[in-house]
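Student: Please show me the chain, and then let us go through its packing by question and answer.

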Amino acid sequence: MNHALTAAAAGFGTGLSLIVAIGAQNAFVLRQGVRRDAVLAVVGICALSDAALIALGVGGVGAVVVAWPGALRAIGIVGGVFLLCYGALAARRVLRPGTGLRAEGEAAGSRRRAVLTCLAMTWLNPHVYLDTVFLLGSLAADRGPLRWTFGLGAALASLCWFAALGFGARLLGRFLARPGAWRLLDGLVALTMLVLGATLVAGS
């Protein structure tokens, strides 16, 4: 029992260390959280996607992913272009506050756009595959018969993080009531997306 708890705790800590860093997915979840727009759907997609990818890694699919560098490059290019486009839209909102977060949140179909955007940011990022499928899969393999317990801990870390980020973001409401706060948030999102998008395209 103690060994199982140790493996789960190790998986939780490792998984948390990989997803807490600022990235496109986290920036998007944060933005949806402060808008209170499709938060449950976005958090669910991120957590379930990570759980599926972790399961693939623990199951030994990591070697197959690494064996297809061409596929990873293609994902990197498509994902990079997508992030550049999304970053450009966020930058446009900074320069034109009239197209800000609240106005956009009231538009028809915002939930569908949020879901599709979240899916794209999750599955078109090659780093997601390298971190969850290959790295976590390799670390889980070292746990032998407890590898699935390790993977369960990592998946739980993902769920806790995205839930805290998405639903906890509403606590920023008082800050976002200040003039220019929405533009500051969009500026952070735009910078994150543009830098990561350019990095993906240049590195593919």
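**Packing of the helices**

Tutor: Phenylalanine 28, its neighbours within four places in sequence left aside, is in contact with Val42, Tyr86, Ala114, Thr117, Cys118, Met121 and Met193; contact means heavy atoms within 4.5 Å. This is a predicted model, in which local features need pLDDT of at least 70 and side-chain atom pairs count only at pLDDT 80 or more, while totals for chains, interfaces and linings use all residues. Residues are numbered from 1 along each chain as its sequence is written, and side-chain values use heavy atoms, with hydrogens and water left out.

Student: How many helices and strands does the protein chain have?

Tutor: Helices (H or I, at least four residues) and strands (E, at least two) are DSSP runs, numbered from the N terminus. Along the sequence the pattern reads α-α-α-α-α-α-α-α-α-α-α. The count is 11 helices and 0 strands.

Student: Is alanine 47 buried or exposed?

Tutor: Alanine 47 lies in helix H3 and, neighbours within four places in sequence aside, is in contact with Ser158, Leu159 and Phe162. Its C-alpha is 8.4 Å from that of leucine 156, 109 residues away in sequence. Buried means under 20% relative accessible area, exposed over 50% and partly exposed in between (1.4 Å probe, protein chains only). At a relative accessible area of 8%, alanine 47 is therefore buried.

Student: What is the relative accessible area of alanine 51?

Tutor: Alanine 51 is also placed in helix H3. Between alanine 51 and glycine 151 there are 8.2 Å in space, C-alpha to C-alpha, and 100 residues in sequence. Alanine 51 counts as partly exposed because its relative accessible area is 30%.

Student: Why are H3 and H7 called roughly parallel?

Tutor: Axes are lines fitted to C-alpha atoms, for helices over the stretch in contact, and angles run from 0 to 180 degrees between N-to-C directions. Angles under 35 degrees count as roughly parallel, over 145 as roughly antiparallel, 65 to 115 as roughly perpendicular and the rest as oblique. The H3 and H7 axes come within 9 Å and cross at roughly 25°, so the pair is roughly parallel.

Student: How do the residues of the contact of H3 with H7 divide by class?

Tutor: H3 contributes Ala41, Val42, Ile45, Cys46, Ser49 and Leu53, and H7 contributes Arg111, Ala114, Val115, Cys118, Leu119, Thr122 and Trp123. Ala, Val, Leu, Ile, Met, Phe, Trp, Tyr, Cys and Pro count as nonpolar, Asp, Glu, Lys and Arg as charged, and the others, Gly among them, as polar. The division is 10 nonpolar, 2 polar and 1 charged.

Student: What is the packing of H8 and H9, roughly parallel or oblique?

Tutor: Helix H8 (residues 126-141) and helix H9 (residues 147-168) have axes 8 Å apart and pack at an angle of about 140°. That angle makes H8, relative to H9, oblique.
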